[in-house]
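Biologist: Please take a close look at one part of this protein for me, and set it in its surroundings. I would like the helix packing explained step by step.

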Amino acid sequence: MSIRMKVDAGNAFSREADDRDPRSVRIIRQRAMDHVCGAGGRYETAMEVVNGVKLPVFVQRHRSVVDLLDEAVARFADRAFMSLNGHTCSYAAAAEASESIARTLAERHGVRPGDRVAIFAANSPDWFLTFWATMRLGAIACAFNGWWTGEEARNAIDLVDPVVLLADAGRAARLTDGPLEVPLLDVARDAAAKGTSSDQARRSNISVDEDDAALLLFTSGTTSKPKGALISHRGIVGFVQTHLCNAAIGARVVAVASDGPESPTSPSTTQSTLLLTSPLFHVSGLLGGMMMAAVAGTHVVMRSGRFDPADVLHLIETHGVTNWSPLGATGARVLRHPSFSPERVHTVRQIGFGGGPTTPARRLEILHAFPNASLSVSNGYGSTETVATATSISGSEYDRNPRAAGRALPTVEVEIWDDEDRVLEDDQLGRVMVRSAYRFLGYWNSPEATAAVLRRDGFLDSGDFGRLVDGLLTIDSRARDMIIRSGENVSPLEVEAVLESHPAVAEAAVVAVDHDEHGQEVAAVIVPKAELEVVELEAFCAARLAAYKVPARWVLRAEPLPRNAAGKVVKRELVV
C-alpha cells in the first residue's frame, strides 16, 4: 500500500536557498546530515546488523514503543493529550489509563507477549489507549480497518486469530451475523475502569526486544483479500526518530543556506494542536499523527462520525488547531464548503498532504487557503511495508518540484532497479526499492507474499515505478493496478472477485478513473450473463465490501473483455 503522508519535519529547504541549483541543494543537505548524524552529532548513526543485513541505525534510540511514550509522559505529564467531543485527558492520565487497560487485558483475558489484540473502532482516545496497553504487554495490536464490513472483519479475525477483539458499538453491530470465535469487548467500556485507584500505580510493562512484532496494519496489495503487514517496535520508533532527525537536518540546512544561526528543533513551550482526521488504522494516522504528536507534546483533537467539513472548520476555530494533514479528498471538501474562509483557519501553521499523489493544482489551492502554513507545507512517500519511512520534501525544493516525492530520510536508502535487479543510473525509470532497519517484518502467515517484496540485501520492492535525479525521487507510475480513493487502497482483484460471484455476471474488470475530490474512483466493466441492473450490482457489492470499494461508475458490455495471449484482461482497451 503506497501512500503519501504528512512529514512534520520542518522546512528543510528554506526560501533563502531558492536560487541554488538541485545539485547544490543535495550537497548542502549532505553536509547538514554529516553534521547531525556524524560522530558526536545529536543523531549519531552507526552500522548494525538488523534482520541479517548491516544497516545504519541511530546510536541513541528507544528500544520499544512504551519507552518512547513513557518518556513523552515524563516530559509533558500535565499537558492536554487527547480530546474528543469536549472531553480531554492529560498525558499523565493517558499513561495511567493505558496501564490499567494492560492489566485488565492480561488478568481477565489472558493476553500474553506475542498474542494478537484486534481493534475495530473509529478514532477515539480509547483506540490509542488500547494500542498503548497492548504495547505494554508485548502483544501485537491488530488495527482493523474501521470501514470494513462484518464479513471483511471476520476474514481478518480468521487470518490473525486474536485473543480478544475490542470494538465500538457501530463496528460490533456489523459482527452480529453468527457467533464469533473471539471474545468481543466494548473498546470504550469493557477494557478497564481507567485510572481510578492508587493500586493501579504498578506498571504493566513487559520487556521486549526492539525487533519484536508490535503492530499489524492491513494492506490490500495485489491479492483478493487484505494482508497483515507486521511492524516491529524498532520500525515504529525508527519512524519517529528519522523524522525528528530530518527536522534537525532541516534546521542545519536553513542555517547553512542563510548563513544564520541554527533554528532550534527542541519542543516549544507553546503547545501545538493537531486535528487528527486520518484513521488510526493507517500509518498516516497512527504513526504520522498520534506517535509524532505524542513525542512533541502536542494536543491531539479527534472527531467522531463521518468526515464533515463544517465540523472540521468548527474544530479548527474552537481549538486553535495548528497542524492538520488533509488525507485524500478531505482538504478539497473543506475548501469548497460554503462557510470556508482563510480567516477561519488562520491558526494552522503546518500542513502535510496525504493519501495519494497530490497534484500541483491541489497543492497551490491549499497554499492559498492556508496562508500561515504556506512555508510549512510538506509531503512524503512511503508505504505500510516501509513503515512509511522513505522520502520527504518541503520548502522551496517542494516549490520547484511539486510532483516530486522527496529525498531519502536519514538512515534510509532508495534505489531504482530494472527488471533484472540491477541499479539504474540517474533519470532512468524503474522499480522503487527502499532499504532501512525499519521495514516491516513480513506479511502475517503469508511467506510467499513476503518473499515477493523482500529482495536481495534487505531491499524492499515498493511496487511503484519512479526515477531519481540528484537524489530526488519522483514517482512516475504504479507497478500495480491499485486504486487509491481518498487515501484508501482498493484492490481491483478483490472487487472483481465479489462481482464475479454474482450469478448474473460472466466477467468483470475493475479500473481506476480520475475524480476531482477523491483522486480516483472505482469503475467496473461488466459482461452480464443475463439481463442485469446496475442498482442490483451496487446492492450486491455494498453487502460485501466497504463503501469506498463499491464501484461508482458502471459499464455493461455485450462482448467479452479484451484479453492478451496469456489470458489476462487488457484493461487499457476498456472504455469507462
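How many helices and strands are there in the protein? And which residues make the contact of H2 with H8?

Modeller: This is a predicted model, and the protein in it has 15 helices and 28 strands. Of its 576 residues, 58% count as buried. Among contacts between residues at least 6 apart in sequence, 69% join residues at least 24 apart. The accessible surface comes to about 22,800 Å², and 49% of that belongs to carbon and sulfur atoms.

Now to the pair of helices. Helix H2 covers residues 65-76 and helix H8 covers residues 283-296; their axes come within 8 Å and cross at roughly 45°. On the H2 side, the contact is made by Val65, Leu68, Leu69, Ala72, Arg75 and Phe76. On the H8 side, Met291, Ala294, Val295 and Ala296 take part. By type, the residues of this contact divide into nine nonpolar, no polar and one charged. The numbering along a helix can be read with one rule in mind. An α-helix has 3.6 residues a turn, so residues three or four places apart point the same way.

Other parts of the protein give some context. In helix H11 (residues 360-369), the buried residues are Arg362, Arg363, Ile366, Leu367 and Ala369.

S7 pairs with strand S6 (residues 116-120) in the parallel sense, over four bridges. Within that pairing, Ala118 stands opposite Cys142.

Loops can also hold buried residues. Thr322 lies in the loop between helix H9 (309-319) and strand S14 (323-324). Its relative accessibility is 5%, and the cut-off for buried is under 20%, so Thr322 counts as buried. Leaving aside residues up to four places away in sequence, Thr322 touches Ser272, Thr273, Thr347, Val348, Arg349 and Gln350.

How values were computed. Residues are numbered from 1 along each chain as its sequence is written. This is a predicted model: local features need pLDDT of at least 70, side-chain atom pairs count only at pLDDT 80 or more; totals for chains, interfaces and linings use all residues. Side-chain values use heavy atoms; hydrogens and water are left out. Buried means under 20% relative accessible area, exposed over 50%, partly exposed in between (1.4 Å probe, protein chains only). Helices (H or I, at least four residues) and strands (E, at least two) are DSSP runs, numbered from the N terminus. Contact means heavy atoms within 4.5 Å. Accessible areas come from the Shrake-Rupley method with a 1.4 Å probe; for residues, only the protein chains shown count as cover. Axes are lines fitted to C-alpha atoms, for helices over the stretch in contact, and angles run from 0 to 180 degrees between N-to-C directions. Ala, Val, Leu, Ile, Met, Phe, Trp, Tyr, Cys and Pro count as nonpolar, Asp, Glu, Lys and Arg as charged, and the others, Gly among them, as polar. Two strands pair if DSSP finds at least two bridges between them.
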